[in-house]
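Please have the sequence and the coordinates open as I speak.

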Amino acid sequence: MQSAQESKQELQAAIRYAENAISSAKTTIESMEFRQEMAKKNYQKQTSLEVALEKQNHKLMDESVKLKNEIAKLKKENANLEALVQGQADDEQVLRDRIEGFRNENRSLLDEVENLKIELKDQREFDEEVRQGVNDFLDYLDTIGYERP
């Protein structure tokens with residue numbers, strides 16, 4: 001049989017073993033609690049991040065819709081402006097055609113004015129010749145002694 005001393009030592013060894021096991025279990029529990037707390041914090045961070053990202057996503061979606069509406073509005077305005085520009089280009093062409101018509105008419109009128117100038121010059125020369133002829137005839141009548149009534 002074992003002596004009381006040996007039994008006491010075995011019991012003390014068993015107690016130390018049990019205390020070490022308890023201490024180890026406490027450390028494991030603390031470690032697990034720490035990990036659980038960290039996991040909980042990470043989950044909260046991730047959840048907060050997800051909420052923030054969701055808010056940002058909604059904000060960006062709203063902004064995207066606004067921008068798409070603005071783009072549609074600008075495209076419509078651009079189409080209206082292009083139509084206006086085309087209308088002005090058409091008007092400009094009509095005016096250019098009218099100007100060309102006026103230029104042609106001007107050329108014709110200038111030619112007619114030139115012809116009238118020549119005709120007027122010829123008429124003045126003829127009138128001068130007639131006047132000279134009348135004066136010569138009157139001088140002749142004066143030379144032959146014809147008295148005018």
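I will go from the overall fold to the end of the chain.

A word on provenance: this is a predicted model, in which local features need pLDDT of at least 70, side-chain atom pairs count only at pLDDT 80 or more, and totals for chains, interfaces and linings use all residues. Residues are numbered from 1 along each chain as its sequence is written, and side-chain values use heavy atoms, with hydrogens and water left out.

The secondary structure of the protein chain comes to one helix and zero strands, where helices (H or I, at least four residues) and strands (E, at least two) are DSSP runs numbered from the N terminus. That helix, α1, covers residues 4-144, and its 141 residues reach 199 Å from first to last C-alpha, close to the 210 Å expected, the expectation being 1.5 Å times one less than the number of residues.

How does this show in the overall dimensions? Along its principal axes the C-alpha trace spans about 205 × 25 × 25 Å. The radius of gyration of the protein chain is 61 Å, whereas a compact globule of 149 residues would have one near 15 Å; the radius is taken over C-alpha atoms, and the globule rule is 2.2 Å times the number of residues to the power 0.38.

Finally, just after α1, Gly-145 takes a positive phi of about 85°.
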